[in-house]
Amino acid sequence: MNSDLLLDDFDLEEINADYLPIAIDPGRKSVFTAVTGSDSREVKRCSIKEYYHLTGSIKYSVKLQRLEDQHNITDIESRISFNKTSSLAQYRAYTAYIFISLDALFNFYDHHTSRDRFFLYQGRQRALESLINMLLHGTSKYNRRKRNKKKKRDKKRKKKNKNKSKGKMKLQKMKNVVRPNKFEEFKSKISGVCLWCRNVWERFGAFEGLEM
């Protein structure tokens, strides 16, 4: 049996005990601005810049721009004229330039870019999950305890990386240390011994394969 629920069917105590009211307002400069709860009325907001950071688009744009500058793609793309025109001569110039630059563009935007596009798709999915988590549970942006935990994790990670770098530097210094030749050191110690004894030692050392 189906029944229609109306607003009058809920009282304030039941809403505070069993539900979490969320009022969401989409905006131009922010993805959303939400007010959660009926008593505390905590305001949560996610800006467009923060959303692009969650998706990973900002890092990818910087990486792509650096690669375009290295392969001279930025200069090629900046010279592409506007194709939406009523002038036949301008459209012919546009098509001629595209055909000239087609090989360079195809070589740059080849199958290797599919990996980055897949990561961007995963980033968009993670961003939506992060926004939902922000609304329901609150992230470190709105939770002081989570921020403190994140700071502790970052400090531990930095300390661990610092110790690793110190260990690598110590190993490199140990490798660069010039170790003295044991035979030469012993030979210098017995310099006062008779010549016959030194000849016996040299023959014995050569026979046993000791380091010279």
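This is a predicted model: local features need pLDDT of at least 70, side-chain atom pairs count only at pLDDT 80 or more; totals for chains, interfaces and linings use all residues.
Residues are numbered from 1 along each chain as its sequence is written, and side-chain values use heavy atoms, with hydrogens and water left out.

**Stop one: helix 3.** Select residues 57-70, a helix of 14 residues. Helices here are DSSP runs of H or I with at least four residues, strands are runs of E with at least two, and both are numbered from the N terminus. From first C-alpha to last, helix 3 reaches 20 Å, close to the 20 Å expected at 1.5 Å a residue (that is, 1.5 Å times one less than its number of residues).

Now show the side chains of Tyr60, Leu64 and Glu68, the buried residues of helix 3. Look down the axis of helix 3: its buried residues fall within an arc of 70°, so they line one face. The arc is taken from the directions from the helix axis to the C-beta atoms. Buried means under 20% relative accessible area, exposed over 50%, and partly exposed in between, with a 1.4 Å probe and protein chains only.

Turn to the opposite face for exposed Lys59, Val62 and Gln70.

**Stop two: Ala34.** Find Ala34 in strand 2, residues 30-36. Ala34 counts as buried because its relative accessibility is 0%. Beyond neighbours within four places in sequence, its contacts (heavy atoms within 4.5 Å) include Ile22, Val43 and Leu135. Leu135 is 101 residues away along the chain, yet the two C-alpha atoms are separated by 7.6 Å.
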